[in-house]
Amino acid sequence: MASKRSSGLDFSDRSVPHLDQHPDLAPQYMNGGDAPAHLQRNKTERRRLQGLQRSTTNSSVTAAPYQPSTFKEKFDAWMINEGGKRLFFSVWIFLHILVIIFGFMNYQLKDNGVTARATFGITYPIARTAALVLHVDVAFILLPVCRNFISLLRRTPLNQIIPFDKNITFHKATGWSIFWFTNIHIAAHMVNFTKLALADTDAKNTGQRIVAFILANFATGPGATGWIMTAALYTMIWFAMEKRRRAHFERFWYSHHLFIVFFICWQLHGMFCMIKPDRPPYCSFNTIGVFWRYWLVGGVIWIYERILREVRSRHRTYVSKVIQHPSKVMEVQIKKEKTKTRAGQYIFLCCPEISYFQWHPFTLTSAPEEDYISVHIRVVGDFTSAFAKSLGCDFDSKGEKNSDAGGKVVPPPINRVLPRVMVDGPFGSASEDFLNYETVLLVGAGIGVTPFASILKSIWYRMNNFNHSKPTRLSKVYFTWVIRDFGAAEWFHSLLHAIEEQDTQNRIEINIYLTAKIKDDDMTNIIVQDVGAEKDAITSLRAPTHFGRPNWDRVFSSIADKHPETDVGVFFCGPAVLSRQLHVMSNKYSNPKGTRFFFGKENF
Ligand SMILES: Cc1cc2nc3c(=O)[nH]c(=O)nc-3n(C[C@H](O)[C@H](O)[C@H](O)COP(=O)(O)OP(=O)(O)OC[C@H]3O[C@@H](n4cnc5c(N)ncnc54)[C@H](O)[C@@H]3O)c2cc1C
């Protein structure tokens, strides 16, 4: 089935059933009467409106937001979307507090550190406690970036307790903790070094004491390794800050590899036994240079994953088809041995011809039922442009603007072979959980629609039981796509058409919102074409296109109305502003005893 199509999203090789067969068309509308007066759309268009929109066209909001009054009700509502993550982070903070309290008491009271305390005072236990917290942090720092490990854990009951979607937030929080406790550790040791310099009997005047202080900082093992670590840490954090990372991803990526220097120096840093205990064993294997013990679990898993990437990148992989879509989107179909995917996952792609070290994440748009993997790539920057060029796409020529909405297959170059690609993954994401719900609201913005391509395709295959796919308990899918202009929608149409045609049980409801301001002339054109038409003038779908932004209050209240006492999965991929809105709406309309909206998001 799939092989007949030119594009992975080209489902157009099916016969189109007559519109009358569409179960969504209410008989009274078909007969031309009874349509409520408040519906402002023309009659034919009204018939095309799907269930949710029928009620969203109504000016009155159906289900009101949930208003918890008692503490228990507030707590239950909070637990739906916030509780799990907040409790997890609270446990993590509590762990830090425990380490600080017990660490400080230990270094302050330990009878083996009397001399150190007498020499340095309170800054000795402060420096040591900060170091202890840093060791605990290093045990966590690598785990959230071990993607295979996380993908594996996602499939266990731990997925109900640990917010795996927040892995990068957790990594960042641990990174910030390392930053702050490093500063505390340094500040305390600067006081300690000053005390050492002042107590140095060889240093007779201020100049010599300054020299002694500088020597303690840079000519001793702990001092030198400490400052190298600090420089590495500050550089990593500087380039990892959100704005800089987004603007110069490569600088962030390469500078973050300073973590190797950071870890090596950390191991050495603790091995010099500069501040000796009062009694032997002074500097035994068990008491100094213990960094590696804390690092071991995360480090081994991380190294294993890096080796896995090397192994996977050597699997037989080749680009089988390239399709150039309008709006600077290209579809790359790849054949790769030993790859099992799940809808909603993403892969890392490397093209050694462009750079051996750059691995870029892209969401799979192919369904697990298909015998290839595909990604839709929006050509935005250095890598994607170079990759598109090497695959033979030409987005600069004039023809591109008028090209076929289904996309044009890029013929393989005659005088050379297509570049080699390496694929790592697939890895799990929030949207992977869509099958856990009976009802889902999928919201994509712009290219953020990609995760839903594979999900919708997979549902389509399941509905049709192709390739013996497992039937799904999912009974209703609300798919909403928010796009700026017409062009951006084109490459996805064919899949949506196929879904509309095949969806005889009215399980998938499509809503497309165009947010760009439309010129008056264009608008007149659309209205003229739309009057009496059975298909939308822009998308050729039965579902009419909406102009402007979605009214989320209406969307959520309608879903709550139509699906009482149901768990609804809300999956979003797109910009942060819209993500926040949906998160707020999911909380606002969740009722612990009624419809519960579980929000999950993916960020590009
Ligand atoms: C989980 C995930 C799934 C994604 N899925 C898709 C998809 O299906 N289709 C699509 O077109 N894009 C997707 N992206 C975005 C895509 O990875 C970037 O557009 C691409 O890496 C840009 O590279 P560039 O050098 O051409 O652009 P640049 O101009 O260098 O970067 C453009 C943007 O992409 C980010 N970026 C650059 N390199 C990387 C990288 N190696 N890893 C993460 N982010 C990077 C930058 O911070 C910047 O915001 C996804 C991103 C993530 C994190």
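Trainee: What covers the buried residues of helix 13?

Mentor: In this predicted model, the cover includes helix 10 (221-240) and helix 14 (291-313). The buried residues of helix 13 (residues 259-269) are F262, C265, W266 and H269. A residue is buried if 20 or more other C-beta atoms, placed from the backbone, lie within 10 Å of its own, exposed if 12 or fewer do, and partly exposed in between.

Trainee: How are residues numbered, and which pLDDT limits apply?

Mentor: Numbering starts from 1 along each chain as its sequence is written. Local features need pLDDT of at least 70 and side-chain atom pairs 80 or more, whereas totals for chains, interfaces and linings use all residues.

Trainee: Why is K338 called exposed?

Mentor: K338 has 9 other C-beta atoms within 10 Å, and so it counts as exposed. K338 lies in the loop between strand 2 (329-336) and strand 3 (346-350); its phi is positive, about 55°, although it is not a glycine.

Trainee: What makes E565 count as exposed?

Mentor: E565 has 9 C-beta neighbours inside 10 Å, and it is therefore exposed. E565 is in the loop between helix 19 (552-562) and strand 12, with a positive phi near 50°.

Trainee: Which elements do the buried residues of helix 4 pack against?

Mentor: They pack against helix 6 (123-141), helix 20 (576-589) and strand 13 (596-602), where contact requires C-beta atoms, placed from the backbone, within 7 Å. A77, N81 and G103 are buried in helix 4.

Trainee: How do you know that strand 8 and strand 9 pair?

Mentor: Two strands pair if DSSP finds at least two bridges between them, and strand 8 and strand 9 have 7, in the parallel sense. In this pairing, G444 stands opposite W481. Strand 9 and strand 10 are also parallel, joined by 7 bridges, and I483 stands opposite L514.

Trainee: What makes strand 11 and strand 13 edge strands?

Mentor: The open sheet has 6 strands in the order 11-10-9-8-12-13, with parallel pairing. Strand 11 (546-547) and strand 13 each pair on one side only, and these are the edge strands. Strand 11 pairs with strand 10 (residues 508-514) over 2 bridges, in the parallel sense, and L514 stands opposite F547.

Trainee: Why is strand 9 called mostly covered?

Mentor: Of its 8 residues, 8 are buried. K476, Y478, T480 and V482 point one way from strand 9, while V477, F479, W481 and I483 point the other way.

Terms used. Helix = DSSP H or I, 4+ residues; strand = E, 2+ residues; numbered from the N terminus. Contact = placed C-beta atoms within 7 Å.
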